[in-house]
Amino acid sequence: MNTIKQQLPLTLNEFKLDTFGEQYSGKVRENFHLDDEIVMVTTDRISAFDHILGTIPFKGQILTQIAGFWFDKTKDVVPNHIKSYPDPQVLVAHKAKPLPVEVIVRGYITGSLWREYSSGINGQYGFMIPSGMKKNQKFDEPILTPSTKAEYGLHDEPISREKIVDGLVDEKVYAQAEKYALQLFEIGQKWAKEQGLILVDTKYEFGLVGDKLIVIDEIHTPDSSRYWIADGYDERFNSGEEQNMLDKENIRQWLIERGFSGDGIPPELTDEIRITMTERYIELFNQLTGRTFEPATGDVQSRIVSNLEKSGYQL
Ligand SMILES: Nc1ncnc2c1ncn2[C@@H]1O[C@H](COP(=O)(O)OP(=O)(O)OP(=O)(O)O)[C@@H](O)[C@H]1O
Ligand SMILES: [Mg+2]
C-alpha cells in the first residue's frame with residue numbers, strides 16, 4: 001500500500017526520445033521504430049471508453065510482464081517477435097510486416113459480438129452463429145471473428161475469411177495465422193482455467209519476417225483480452241447476471257458512477273481510485289501467472305533511459 005502511494009507521482013505518462021528512431025504513440029504504448037526492431041515502452045497510462053484518463057502505478061510493468069509471461073510460455077508452439085526485455089516495462093521486438101487484419105478468437109458470445117448478434121446482425125464473418133444463444137454463453141468451439149486494422153481514428157470492421165484471402169493475405173499465410181491463433185487460445189484457456197480464470201476472448205496480430213509468420217504486438221494481456229472469474233460463472237449465467245470481469249470493469253464502473261460513459265470530459269482520477277486500480281492489476285498478475293509481483297519502484301522515466309543505455313542503445 002505504501003509502495004503504491006509513493007509511486008503515485010513517479011509513474012510513466014508521456015515518454016519522448018527525440019533522436020531514438022521514429023516514434024509512434026498508441027494510447028498506452030510508445031513505440032520506437034529502429035531499423036529492424038521496435039522498442040516498445042508500455043507507459044502507465046490507462047484508457048477506458050477510448051479516452052486516456054491518467055496513470056496507474058506499476059501498470060506498464062504489469063502489462064509488459066504479463067505479455068512476457070505468455071510469450072515465454074507459448075514460444076515453442078508459436079514463434080513470436082520478442083528479442084529482449086531491457087527494462088521491466090520495455091520489450092524489444094523483431095520488426096515484422098504486420099498482416100492487415102486482427103485475428104480475434106472468442107470462446108464466449110459477449111461484448112461487441114453480443115451487441116451485433118442481439119441486434120440481429122449475423123454472418124458478417126462469413127459463417128452463421130447459431131440462433132438462440134444467450135449473452136455470455138460459451139461456444140461449442142472457439143470461433144474466429146477477424147477484423148480489418150483500421151487507420152488511426154477509424155473503427156476496425158468485421159471481415160470474413162473469404163474476403164481476407166481474396167487479395168488481403170495469402171491463403172497459406174492466413175491459414176497458418178488461424179492455426180496459431182487457435183493454438184495460442186487453447187494454451188491460454190487451459191492455463192487460465194488452472195488459475196481460476198476464464199480467458200473469454202482475445203485479439204492477436206501476426207506479421208511476416210521474410211516469409212516466416214510470427215505473432216507480434218502483445219498476447220493475453222488485459223488490454224488485448226477479456227478475463228472472467230471462473231468461480232460462479234454458471235450461476236451468474238443461469239440467473240442472467242453479468243460476469244465478473246477483471247480490471248477494466250472497475251474503472252468503467254467508477255467513471256459511470258461519476259456520469260461519464262465516453263462523451264465529454266472524463267473526471268480526474270483520484271489517488272484512491274489509482275491505488276485501487278494498482279491493487280486490482282497486481283491481483284490479476286498474481287492470480288494469472290501464479291507468481292508474486294515485484295514492483296520496480298522509483299522514477300520510471302529515468303530508469304528506462306538508464307536501462308536502455310545499459311543495453312547498448314544510443315539515445
Ligand atoms: N513486431 C512488430 N512488428 C511490426 N509492427 C508491430 C510489431 N508489434 C506490434 N506492431 C504494431 O505496432 C503498433 C503498436 O501500437 P499500439 O498498440 O501502441 O497502438 P495502437 O494499436 O495504434 O492503438 P491502441 O493504443 O488502441 O492499441 C500496432 O500497430 C501493431 O500492429
Ligand atoms: Mg494496439
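Q: At roughly what angle do the axes of helix 2 (residues 59-74) and helix 5 (residues 171-194) cross?
A: Heads-up: this is a predicted model, so local features need pLDDT of at least 70, side-chain atom pairs count only at pLDDT 80 or more, and totals for chains, interfaces and linings use all residues. Residues are numbered from 1 along each chain as its sequence is written, chains are lettered from A and ligands numbered from 1 in the order written, and side-chain values use heavy atoms, leaving out hydrogens and water. Helices (H or I, at least four residues) and strands (E, at least two) are DSSP runs numbered from the N terminus, while axes are lines fitted to C-alpha atoms, for helices over the stretch in contact, with angles from 0 to 180 degrees between N-to-C directions. The axes of helix 2 and helix 5 come within 11 Å, crossing at roughly 115 degrees.

Q: Is helix 2 roughly parallel or roughly perpendicular to helix 5?
A: Under 35 degrees counts as roughly parallel, over 145 as roughly antiparallel, 65 to 115 as roughly perpendicular, and the rest as oblique. With the axes crossing at roughly 115 degrees, helix 2 and helix 5 are therefore roughly perpendicular.

Q: How far apart are the axes of helix 2 and helix 8 (residues 271-289)?
A: Helix 2 packs against helix 8 at an angle of about 15 degrees, which means the two are roughly parallel. Their axes are separated by 10 Å.

Q: Which residues are closest to ligand 1?
A: Being near a molecule means having a heavy atom within 4 Å of it. Ligand 1 is surrounded by 18 residues. The closest are Tyr24, Lys27, Arg29, Lys149 and Glu205.

Q: How far is a polar side-chain atom of tyrosine 24 from an oxygen atom of ligand 1?
A: For Lys27, a backbone N or O atom sits 2.7 Å from an oxygen of ligand 1. For Arg29, a side-chain N or O atom is 2.6 Å from a ligand 1 oxygen. For Tyr24, the distance from a polar side-chain atom to a ligand 1 oxygen is 2.4 Å.

Key. A polar contact is a pair of N or O atoms within 3.5 Å; within protein, one must be able to donate a hydrogen and the other to accept it, and residues adjacent in sequence count only if both atoms are side-chain atoms.
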